[in-house]
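Subject: Structure handover

Hello,

Here is the structure I promised to pass on. Please open it first, then read my notes below.

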Amino acid sequence: MDSETQRNKCAACYRQFNKKEHLVEHMRNSYHSAHEPMCGICGKRCRSFESLRDHLIGPLPKVECERVFRDHGCTICLTVLNSPNSLRVHQDRCQLSRGNNGVLHRFANMGIQDDLRIDSGKTRAVALACKMVGGGSDGSLDLCARVCIIDEYENILFHSYVKPQLPVTNYRYETTGVRPEYLRDAMPLRHVQRKIQDFLCNGEPIWKIRSRGGKAKILVGHGLEHDMKCLELEYPLVKIRDTAKYPPLMKTSKLSNSLKYLTKSYLGYDIQNGIQDPYDDCVATMRLYRRMRSQAHRTEDYPLATDSQNNNNFASWRQGELERMSPNELLAISRSDYYCWCLDSKDVA
């Protein structure tokens, strides 16, 4: 490799360019950062964990990385360990099993459980999941019939069947397990919506809720936009952590993965077989959230490309200065275009 090409090699994804100006343009548009999934062998940064998986064990992996990963890598979280023994110990912790919260879980299947309280913040994040029955003439209109909320420790805070505002024309029993009698005296949708809204805001006016700090809860889920629409629930995007839209958990094509796929690939167990329980979905999304939140990334005062302090990092008027920088110096000023969930662990205000 000639020195000019090496000088124009991206320090994050290792892509090579013929001219320095092309590298600068790449860095301007790629938003490489310390928050991207990184190969523990060669140090390459990838846009998503799926891209990293392809790099390590995909159809066309990096040969040297694949060789090392075969003996030292965890196929679930893609971490590289120092020895085969360390790998075995790690995999025992990394491979999870389906959640079963004992008596609470069985009780939730029977009907209503309600521990939603305005509090001082015992749990900062909660996971929500719904199961839908069908409405409309062909039964294709999604109507929320069951909702579950858990805390960070997988304890059920709220579970209830929900009485839809429209007639149910398809109970979808094979996947929901919902029968007509379960909804006959169920909690009305508006009551459920108001109860959940008050709990999430936790005493804060919704218009005052900000991204960092405050008393409002972080809401975790998968496909939350759809669930919230069916619940007629409003909540600020800055407090939503959706595993369907989090870039590191998305496909290389930037489309969403199913929760079933994410749970199998990144937690190591199966869900959503036969009749589906919203509690299982809550547990899966909360575990994914906590696993992503626990990522150890370099601390930055202003981690987002949208932070005003980073507005001029790659400004066109700095082009000459940027072209004189080394690839590592360019990476050092590059920032993420998405909010990394590891930042939640640093938010103690």
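A charge sits over a ring if NZ of Lys or CZ of Arg is within 6 Å of the ring centre and within 35 degrees of the ring normal. Lys 9 does this: its charged end sits over the ring of Tyr 14, 4.9 Å from the centre.

Some ground rules. This is a predicted model, where local features need pLDDT of at least 70, side-chain atom pairs count only at pLDDT 80 or more, and totals for chains, interfaces and linings use all residues. Residues are numbered from 1 along each chain as its sequence is written, and side-chain values use heavy atoms, without hydrogens and water.

Aromatic pairs

There are five aromatic pairs in the structure. Rings of Phe, Tyr and Trp (its six-membered ring) pair if their centres lie within 6.5 Å; planes under 30 degrees apart are stacked, over 60 edge-to-face, the rest tilted.

Take Phe 49 and Tyr 266. Their ring centres are 6.1 Å apart and their planes are at 65°, so this pair is edge-to-face. Phe 49 is in helix H3 (residues 49-57) and Tyr 266 in helix H11 (residues 259-266), so the pair ties together parts 217 residues apart in sequence. Helices (H or I, at least four residues) and strands (E, at least two) are DSSP runs, numbered from the N terminus. Both Phe 49 and Tyr 266 are buried (under 20% relative accessible area; exposed is over 50%, partly exposed in between; 1.4 Å probe, protein chains only).

Tyr 246 and Tyr 338 are also edge-to-face, at 5.8 Å centre to centre and 90° between the planes. Tyr 246 is buried, at 4% relative accessible area. Tyr 338 counts as buried too, at 8%. Ring pairs join Tyr 246, Tyr 289, Tyr 338 and Trp 341 into a cluster.

Helix packing

How do H3 and H11 pack? Their angle is about 45°, and their axes are 13 Å apart. Axes are lines fitted to C-alpha atoms, for helices over the stretch in contact, and angles run from 0 to 180 degrees between N-to-C directions. H3 and H11 are therefore oblique to each other (under 35 degrees is roughly parallel, over 145 roughly antiparallel, 65 to 115 roughly perpendicular, the rest oblique). H3 contributes Phe 49, Glu 50 and Arg 53 to the contact, and H11 contributes Tyr 261, Ser 265 and Tyr 266. Contact means heavy atoms within 4.5 Å.

A buried glycine

Gly 134 is in strand S2 (residues 125-135). Gly 134 is buried, at 0% relative accessible area.

Best wishes
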